[in-house]
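Please read the following points with the sequence and the model side by side.

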Amino acid sequence: MMAGIVIDESRCVGCGLCVKTCPQGAIEIKDKKAHVGDGCIACGMCLDSCKLGAISRTQEKGGEDLDSWKGILVAAEAYEGKLHSVTLELLCKAKELQCDSKCGISAFLMGKDVEKLAQELINHGADTVYLCQDESLAYPTEEPWADALTSVIEKARPEILLFGATEFGRSLAPRVAARLRTGLTADCTVLQIDKETGLLQQTRPAFGGNLMATIVCPNHRPQMATVRPGVFPMGQGEMRQGTVVRLPVPALSGRVQVESAQPAPESKTIADAQIIVAVGRGIGSQKNMQYAYELARLLGGQVGASRPLVDAGWAQYPMQVGQTGKTVAPKLYIACGISGAIQHMAGIGGAETIVAINTDPDAPIFQSAHYAIVGDCVEVLKEMIAQLQK
Ligand SMILES: Cc1cc2nc3c(=O)[nH]c(=O)nc-3n(C[C@H](O)[C@H](O)[C@H](O)COP(=O)(O)OP(=O)(O)OC[C@H]3O[C@@H](n4cnc5c(N)ncnc54)[C@H](O)[C@@H]3O)c2cc1C
């Protein structure tokens, strides 16, 4: 039997409060008692609505012993002999979560020439590294990676499984979740352990960023989340001892075979940039973008853009900053003609210093900016360029 919602008829008075809270319209009142219909997805929204405690959740019978799942596993990523920054950020977060749940931390790493990175994972918090290294594993592909990771999870039984919301992580995580028949929360911005239930609270923007949703996975394991690069700090590593468990090399029989790979031009752009000159609709024309490019060049930075510029074809998608673009964490973010919509700001929470240039003194971006310049961004850009050229 699946986990579900049950009504204790001896307590129910048919007040109908639960009917109003059910987003699925799955509860109705019949003969002065609440009845849960087939539309129920056991989301639990109704539980708190009943003041008489007549609604409860059934546990999944014949299912897993949830207590047998322990610890946190980070799905590591490495490219060209280097760990992806998000892997180290996730390990840092895992250590913080571990303080609450007192469990072990492990990492899964698969690829070519990755053995030397196992110690770095240990230094950043992993107690155990599940390592699969082979010449044939030069290019990550979802199917063999998902198969290998799933079999590690089935044996190691981590309670929590974290992925970077990188292009590969976003593609791998749902495949693993489907194989394990568990839930997955994408693009989390906050992860914490609920002190009462011990569940992982996974918070992410919802409804176009207008509210934050906190999602839990009470009935299935592992509890799975992806987190974008730059959302959590990386923390310092320290010399530690850990265990490396070597895994058998899987047969690469997936539907995708990668023959060769070339770094995308975007790999040198905003995700890792220390200085970003970001351009919004206030720049006025595609021609004016040249001033942003020139300032970025003089500062040794990169050019980013708000979504309308990408939609207009003035900038490419890899340059987009925000909720549906990249999350960035530069030392300096110069926002030129950007209003500061919540979806844009979702991408720059990690910026150390924000300089905003806008003609509107009431533009929302000024609430987050460290330095505010009220004026025409094209003129200000020209002046900055002139000063730097001097
Ligand atoms: C689900 C969803 C996801 C989204 N994801 C993203 C995302 O990832 N990234 C993103 O950026 N947006 C995203 N958006 C769009 C977002 O809501 C805003 O519409 C967008 O960020 C606005 O871009 P903007 O600031 O460039 O333009 P506008 O909001 O039009 O602002 C232009 C600003 O320029 C100023 N200005 C005008 N002329 C000048 C001048 N000469 N000099 C200086 N300032 C001037 C104006 O005062 C204004 O503040 C998303 C929206 C939704 C619904």
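1. A polar contact is here a pair of N or O atoms within 3.5 Å. With that cut-off in mind, and remembering that this is a predicted model, one can turn to the ligand, where a backbone N or O atom of Arg-307 lies 3.0 Å from one of the ligand's oxygen atoms. Gly-325 likewise places a backbone N or O atom 3.4 Å from an oxygen atom of the ligand, whereas Asp-376 uses a polar side-chain atom, which lies 3.2 Å from a nitrogen atom of the ligand.

2. Which residues come nearest to the ligand? There are 26 residues around the ligand, and those that come nearest are Ser-306, Thr-324, Ser-339, Gln-343 and Asn-358.

3. Two packed helices are described by the angle between their axes and the distance between the axes. For helix α4 (residues 142-156) and helix α5 (residues 167-180), the axes come within 9 Å and cross at roughly 50°, which means that α4 is oblique to α5. The crossing in which α4 passes α5 is right-handed. On the α4 side the contact includes Trp-145, Leu-149 and Ile-153, and on the α5 side it includes Phe-168, Leu-172 and Val-176. Charged residues also take part, among them Glu-142, Glu-143 and Asp-147 of α4 as well as Arg-175 and Arg-179 of α5. Sorted by class, the residues of this contact between α4 and α5 are eight nonpolar, two polar and six charged.

4. The contact of α6 with α10 has 10 nonpolar residues, one polar residue and two charged residues.

5. Finally, two places in the backbone deserve a look. Most residues other than glycine have a negative phi, and most peptide bonds are trans. In the loop between β2 (27-30) and β3 (33-36) lies Lys-32, a residue other than glycine whose phi is positive, near 60°. The peptide bond from Arg-221 to Pro-222 is cis, with omega near -5°, and Pro-222 has its place in the loop between β14 (211-215) and β15 (223-227).

Methods. Residues are numbered from 1 along each chain as its sequence is written. This is a predicted model: local features need pLDDT of at least 70, side-chain atom pairs count only at pLDDT 80 or more; totals for chains, interfaces and linings use all residues. Side-chain values use heavy atoms; hydrogens and water are left out. Axes are lines fitted to C-alpha atoms, for helices over the stretch in contact, and angles run from 0 to 180 degrees between N-to-C directions. Helices (H or I, at least four residues) and strands (E, at least two) are DSSP runs, numbered from the N terminus. Angles under 35 degrees count as roughly parallel, over 145 as roughly antiparallel, 65 to 115 as roughly perpendicular and the rest as oblique. A crossing is left-handed if the near helix is turned anticlockwise from the far one by less than a right angle, and right-handed if clockwise. Contact means heavy atoms within 4.5 Å. A residue is near a molecule or strand if one of its heavy atoms lies within 4 Å of it. A polar contact is a pair of N or O atoms within 3.5 Å; within protein, one must be able to donate a hydrogen and the other to accept it, and residues adjacent in sequence count only if both atoms are side-chain atoms.
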